[in-house]
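Could you walk me through this model in my viewer, one selection at a time? I would like to know what to pick next and what I will find there.

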Amino acid sequence: MMLLSISLLPNSSASFATVAFAVPKIHSVFRQSIRFKVHAFLNKPLDSSSAPASNRPSILVDSLRVLEWDKLCDSVASFAGTSLGKIALKEQLGYLNQTFEDSLRLLEETNAAVEMNKYGAMMDFNGIDIELVKTAVQVARRGFPVSGTEAMNVVALLQFVEMLQSNVKAAIKQDAEWYQRFMPLTEMIMELTISRSLVRFIQQLVDEDGSVKDSASSSLKQSRDQVRLLERKLYQLMESIIRNGVEEVSSMEVSEIDGRWCIRSGFNQRMTFEGLLLSSASGTGSVVEPLSAVPMNDALQQAKASVAKAEADVLLKITQKMQEEIDNIESIFSVMVRLDVINARARYSLAFGGACPDLFLQQDKDSFSGTDASLVARTSVALHPTRRKWTMYLPKAYHPLLVQKHQQALQKAMKDVKNANAEIRRRKQQGENIILREETNMNLQSLEAKVAKMKEEPPVPVDIYVAQNTRVLVITGPNTGGKTICLKTVGLAALMAKSGLYVLASEPVKIPWFDFVFADIGDEQSLTQSLSTFSGHLKQISKIRSHSTDMSLVLLDEVGAGTNPLEGAALGMSLLESFAEAGSLLTIATTHHGELKTLKYSNHAFENACMEFDEMKLKPTYRILWGIPGRSNAINIAERLRIPDIIVHKARELYGAASAEINEVILDMERFKQNFHEQVRESQHLLKLTKGLHNKLLIARKTVKEHSINQRYRKVQEISEAAAAARSSIQKRAREYRAVSSQQSQKILESNGQTSATKSEAKVEKSKISEATPAVFSASTSRLPLSERRKLPSVGDSVFVPSLNKQALVLKVDPSREELLVQAGNMKLKLKVTDVFTR
């Protein structure tokens, strides 16, 4: 039956394949060709000028490798929010050909981003798919239709910039000072122009998930309705066919192959309907398209092709709208990548507690002076008085990779503690036996102890103080004492400052700008070039000597090592003297040769330092002692390790009494230096306490002053309220007096024939009322002639108020009531004409 139905319609099936798949295939190929061209175009970077120079000297590449600069670049790039930001940041950090002005500009940008992060104005760049934005810009520029997802990412970018601008405006509105503190990022952000009409246009046509809305066009809505109708009918048809084949209902299901609805049957299942065999495999069954479904499947394919065409038309409209703003969008895109790079530098600096370096430039060969004040003012912090005599001042500087490694280990340990706590709670809830819970508790205690130990033992910082007249610094100390870490810390600090990064230090730092940083660290043995360790070092130092300038930093590890000690010391002394005379701006070398320590006493360009060693614990402290040459500890360590006394005494005799005396002098110097540093630390602690107390006194003084002002204001308010109440009471008593006096006078005139007793009572009553009125008021008023008292003054006249014994200014006159509104000092009174005297 199945084979017969296939052979009955060979032409129809062939024509069906042609008709049904012609439009989708053409559309798919067209879209794939577009994507191929787009991806080919994407291989071209937007800005190829930022690529690092390829003609970099090999010794510089080797120096960056031994300093592990690439690992630091990866660490900083991890703080970028976008993929293109990570790439651009690695390129910028790997460039290292910046001029001094470039380095200042980079530091200025980083400092502004740090301020924006502290204020909360900076935003997270992780929400933008910058790659899709780049694709959308390039596709639109070539005139091809963008995808819905690309269009929505353009909208997200524009909305992100608008919100960033709002944050900056809000900060400036709160305090205008933020405008300068955010510079130059303020201008960079505020100069961007956002096309709100483009945002609204895209949002009207595309959903947030990137799909074109039904309302985008009438033809699209009609085509989609047709697709939904046909799919519903096809589903009902397939269900009807399956239900009719009751025998095989359990082994048949509706399926879709290349957009065509069909029925999938089990292996060796007999079909009860006619159809086209689309696929069949041994052991997996077959897929058949019922003949009754062929017309509707053909119509469905045509409807889907109409949907695709309508969607392409809508997306082409978006492309045409974007082309009107393409230059502006591309500018915003470039600025956002740059802001992401700047913000990554700032976030790294904040995450590890960096300090903004005071970067300066050497002007003369033998003198070090600051750069133009306008340039330095943008990045430098206020100079500490103790730093002005230093060429390089790095107090409590950390090796960035050690700090990162410690933080990662600490975070992992804390996560293990958290997981152990969760495991304990889980076991308690499940009621596991006590033994397992005790084991988990012991494990938790050990993890907590590990975390506490890691918190108590962070990486040890180093203090680097290089005086102005020092050209070569010689550091001595035992193996694994921290000499190499010290060299790498200085080298990475110089590169970080030059690249616009904060230096990881607990205090503000001062560091010169170096054109190159050269380093010879580690074992440079090469079997392929027949070079020993000694030869490898000499080859590297020779390259450094030829490429270094008077503005370079040179770091040499174990100078003169790997050969005869006497010859190695002589060669090391000669090399360092050559660097001091006509070599780099600053050379820092580590060594075990005691002869190199004597250069300081014959050449003022040299300085000594040593790594401190704790003889009691027999381990290094990783701290640097400045101005002190290192001393030998081998014999003392042997004695503490209980080597037989006869061997120790013999060793001291062979070593010589003079050398022992020198070691004793050095030991005294170390003790003096340690005491000095302890006193300095104590002084700094007391100074900090003094500053704290001074600040508290200032706060207390301010509080007392504010309290005094508040009390004075409260007293004035109380006095004013009491005065107002008193004036009101006086005026009330005066009105009562005038009313009673008028009534009594009228009674006296009407009853002249009253008895003397009645007159006496009236006088007594009048005297009582007079006592209730202030004496000065009654006395003064009674002395005024009636004609003078009743004369109406004019506004602006000066009158005398006897009750107050003061002059007052007339503010208002009411002739009908014979009342005046006058002002005496700060008081305003309403009086009768009879209560004042007009002069």
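Two strands count as paired if DSSP finds at least two bridges between them; strands (E, at least two residues) and helices (H or I, at least four) are DSSP runs numbered from the N terminus. This is a predicted model, where local features need pLDDT of at least 70, side-chain atom pairs count only at pLDDT 80 or more, and totals for chains, interfaces and linings use all residues. Residues are numbered from 1 along each chain as its sequence is written, and side-chain values use heavy atoms, with hydrogens and water left out.

**First stop: the sheet.** Select S11 (residues 553-556) and S12 (residues 586-591): they run parallel and are joined by four bridges. Here Leu-556 stands opposite Ala-589 in S12.

Contact means heavy atoms within 4.5 Å. Angles run from 0 to 180 degrees between N-to-C directions, with axes fitted to C-alpha atoms, for helices over the stretch in contact.

Pick H12 (residues 218-244) and H13 (residues 294-324), which pack at about 155° with axes 9 Å apart. They are therefore roughly antiparallel (an angle over 145 degrees). Zoom in on the contact, where Leu-220, Val-227 and Leu-234 are among the H12 residues, and Leu-300, Ala-303 and Val-307 among those of H13.

Note on methods
Parallel < 35°, antiparallel > 145°, perpendicular 65-115°, else oblique.
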